[in-house]
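Student: Could we go through this model together and check each label against the rule behind it?
Tutor: Gladly, let us take a look.
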There are 2 protein chains.
Amino acid sequence: MAVTIKDVAKQAGVSPATVSRVIADNPRISSKTKQKVREVMEELGYFPNFQARNLVAKKSQTLGIVMENSATLAFQNPFFPEVLRGISTRAHGSQYGLYLSTGATQEEIHREVVEMAQGKRVDGIILLYSKIGDPVMEYLGQCGLPYSVVGRPYKDPETISYVDNDNINNAKETVEYLISLGHQHIAFVGGATDFVVSLDRMEGYRQALDQHGIPFVEAYAVNQELMQGKEREAIRQLMALDVPPTAIVTHDDMVAYEVIGYLEDLQIRVPEDISIIGFNNHAISKHLKPPLSTVDISIYELGLHAAELVLEKITDESVPPKQVVVSSRLIERGSCRRL
Amino acid sequence: MAVTIKDVAKQAGVSPATVSRVIADNPRISSKTKQKVREVMEELGYFPNFQARNLVAKKSQTLGIVMENSATLAFQNPFFPEVLRGISTRAHGSQYGLYLSTGATQEEIHREVVEMAQGKRVDGIILLYSKIGDPVMEYLGQCGLPYSVVGRPYKDPETISYVDNDNINNAKETVEYLISLGHQHIAFVGGATDFVVSLDRMEGYRQALDQHGIPFVEAYAVNQELMQGKEREAIRQLMALDVPPTAIVTHDDMVAYEVIGYLEDLQIRVPEDISIIGFNNHAISKHLKPPLSTVDISIYELGLHAAELVLEKITDESVPPKQVVVSSRLIERGSCRRL
DNA sequence: CTGAAAGCGCTTACAG
DNA sequence: CTGAAAGCGCTTACAG
């Protein structure tokens, strides 16, 4: 049996209430008593029971982290550990623990979130993705638990605390960079279209083309749904067009690596024959051959702010929702060339 | 205020005890009562409070995950998300939640682990690394909380439940593979020497050399301490030796990428001029140019078994410690050539 | 088959 | 400055 507050009280010759106050460092307890009690706590190896403490305090000192768990998606990508590192740092600074969702399907995740919230397992939730028509986001909006989102919510973003990059502008600048290198035939390989970030980057791609009078070519805009898992074939088709692109923007470095591999197999060289640019600046990208040009989106900062936002809400329910935009920057390396 | 068991009891015209029994699906409650109570629970939107339930049950249905948090190390590496995916899957299957350590230093982590354990925040702990002289491992050994380790413990491994690859043999086979390709001058770039996995792989390297009558060359064996963060310089020196190696085994694919980059800068080509082989088979390795030969260590399985092992201990304290060896296999790709 | 009571380990008004 | 008491939301022998 673990030692409880009662054991300490008895041993120190005080009441349990007093021990509790010593733990809380209540100023109304004499320093003499405090010292005595602390000695006994040390002696007996006392540690407060979180379950009990949290039950009466009606809080858990824990943040729930909810991620898309479709295995490949969330876990293969270095985004997850890096954003977690940011969250972890901020949470740890405020003595908050981290509780992870483990569900594999949307239904499971949804149920877990409801349990976390209703079961008072967590004081707030960080949603690590933003997709269209997401029941989890829907639920969070209603249930009243503090939460924040990494990524702009599709619905009513102004009512929600979230952190994001300016994805539209990022994509736009990326395309403009390629245009400035003399490219006119620029393809875009995007992600799943129910993710807001995918929409935004596609939007930026179109805006850049528009503003530079370059016609939008349907066949140049590829996304995950269109590829249906046949990425290799998609790239082959793209390059077999009458006017194949001279540059490709991909929505993630991982995808860029893949695409480069497929191009290689087609005897198309990067950057000699085609320019490639990625997103997210993974740790390995600079070591690639050629080093991959990419957009650094400050993933760590995204995590930091996401945690900051929930924590703010937890501390004061009444603070208005806040939106944080984290800066990004284009990193020129060796995968793009001037035409 | 959230709805409690009392609200349900009142509304259903039964006692709180009965409601509790309905939640537990106690067979001694009539199905009529059960149905009535369940209807009311539904109607009022009742959810059990975990804090309360766990307080009396003296369990938390939660597994603590402890990782090295030295930022770069744990988080940059795809190992972490993948092992977490394995753990997550198994834990979720048994309705266990995951609680993450967030400490940045060894002291912080140690304190967190003590709090998790003593504060009854978790029912068991999974230690994601094994290093020499680790106070965390020391503590876990004493405190009596069920735990498992990913990686062979340095001290008293037979008394501890852990999962690991046969790292000695893996490294040995890797070197033998290179020998079979005609290499005699084989270097080894290892990790931090306080990690058991590093020791094991180095040991396997030496064994292979020994058994094939190849002398061990001090300068060929590089590790993280020797490099002191000057990886580039270390590689330069390695290749500037009177007899430079014709092949390098690196202890991780990430390191392999880096090394390849440095070699590239020295105008040394892979695999034409030198063969490289990695460890851990990251998702990107197959897309590299050249595709990286590596050892797949089944990271997901490591996670799965680690979770299985703690869960077993939690269910039955008396089961003897168990050791699981997860298989690995050498994946030949394009980064090694026959001499 | 169901309820009253005690208790899990803590906190916090309320008194003094 | 400190204690007795009530209570957080649940579970579980003990009765009946």
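Tutor: We will talk about a DNA strand, a sheet and an aromatic pair. This is a predicted model, in which local features need pLDDT of at least 70, side-chain atom pairs count only at pLDDT 80 or more, and totals for chains, interfaces and linings use all residues. Residues are numbered from 1 along each chain as written, chains are lettered from A and ligands numbered from 1 in the order written, and side-chain values use heavy atoms, without hydrogens and water.

Student: Why is the pair of R21(B) and a base oxygen of DNA strand C called a polar contact?
Tutor: A polar contact is a pair of N or O atoms within 3.5 Å; within protein, one must be able to donate a hydrogen and the other to accept it, and residues adjacent in sequence count only if both atoms are side-chain atoms. An N or O atom in the side chain of R21(B) is 2.5 Å from the base oxygen, so the pair meets the 3.5 Å limit. K58(B) places a polar side-chain atom 2.6 Å from a sugar or linking oxygen of DNA strand C.

Student: What makes β7 and β9 of chain A edge strands?
Tutor: The open sheet has the order β7-β6-β8-β9 (chain A). β7 (221-222) and β9 (275-277) each have a single partner strand, so one side of each has no neighbour in the sheet.

Student: Why is the pair of Y129(A) and F195(A) called edge-to-face?
Tutor: Rings of Phe, Tyr and Trp (its six-membered ring) pair if their centres lie within 6.5 Å; planes under 30 degrees apart are stacked, over 60 edge-to-face and the rest tilted. Here the centres are 6.4 Å apart and the planes make 65 degrees, so the pair counts and is edge-to-face. Y129(A) and F195(A) are 66 residues apart and link distant parts of the chain.

Technical notes
Pairing = 2+ DSSP bridges. Helix = DSSP H or I, 4+ residues; strand = E, 2+ residues; numbered from the N terminus.
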